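This report looks at a predicted model and describes its nonpolar core, its sheet and one of its helices.

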Amino acid sequence: MSILDNFDVIGVPRTFSIAEVRILKNRLSFNLAAASEMGYPGFVRLFISRDKSQVALQPCTKETPNAMKFFTQDMAAKKKRTLPVGNRALVALIKTGM
């Protein structure tokens, strides 16, 4: 008999991430950790919550409606540290919710 017999182990899900997005004047800029955590997708779709307070990315194919270029092997070869996504209109839409 152990003192821990009346206890259960708690499984704690991973909640730590170093993925980062920066909202710049004309685009969004994601760090390489964001690409890594999603498996380096070539294209993504960007979602915004109805209250415009949160954004989400979904890996997709080039043929998916509203797909945006995200990661290429050329970026890896040039050792780029950030991934630009979107345009001025998209940034303006996101900023209205902040």
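## Core, sheet and helix

In the largest nonpolar core, which has 15 residues, those that touch the most other members are L28, F30, L46, F70, F71, L83 and L90; such a core is a set of buried Ala, Val, Leu, Ile, Met, Phe, Trp, Tyr and Cys residues joined through side-chain atoms within 4.5 Å, where buried means under 20% relative accessible area, exposed over 50% and partly exposed in between (1.4 Å probe, protein chains only). At least two residues of this core come from each of β2 (28-31), α1 (32-37), β3 (43-48), β6 (82-85) and α3 (88-96), and α3 gives the most, with 3 residues. Helices (H or I, at least four residues) and strands (E, at least two) are DSSP runs, numbered from the N terminus. The contacts of F71, not counting residues up to four places away in sequence, are L32, A35, Y40, P41, G42, A76 and L83, with contact meaning heavy atoms within 4.5 Å.

The model is predicted, so that local features need pLDDT of at least 70 and side-chain atom pairs count only at pLDDT 80 or more, while totals for chains, interfaces and linings use all residues. Residues are numbered from 1 along each chain as its sequence is written, and side-chain values use heavy atoms, with hydrogens and water left out.

An open sheet of 3 strands runs in the order β1-β2-β6 with antiparallel pairing, two strands being paired if DSSP finds at least two bridges between them. Its edge strands, each pairing on one side only, are β1 (21-23) and β6. Between β2 and β6 the antiparallel pairing extends over 4 bridges, and the table gives residues that face each other there.

| Residue | Opposite residue in β6 |
|---|---|
| S29 | P84 |

In a regular strand the side chains alternate between the two faces of the sheet. In β6 the covered face holds L83 and V85, whereas T82 and P84 are on the uncovered one.

The buried residues of α3 are L90, V91 and I94; they fall within an arc of 95 degrees seen down the helix axis, so they line one face of α3, the arc being that of the directions from the helix axis to the C-beta atoms. On the other side of α3, R88, A89 and T96 are exposed. The cover over the buried residues of α3 includes β1, β2, β3, β4 (55-60) and β5 (68-69).
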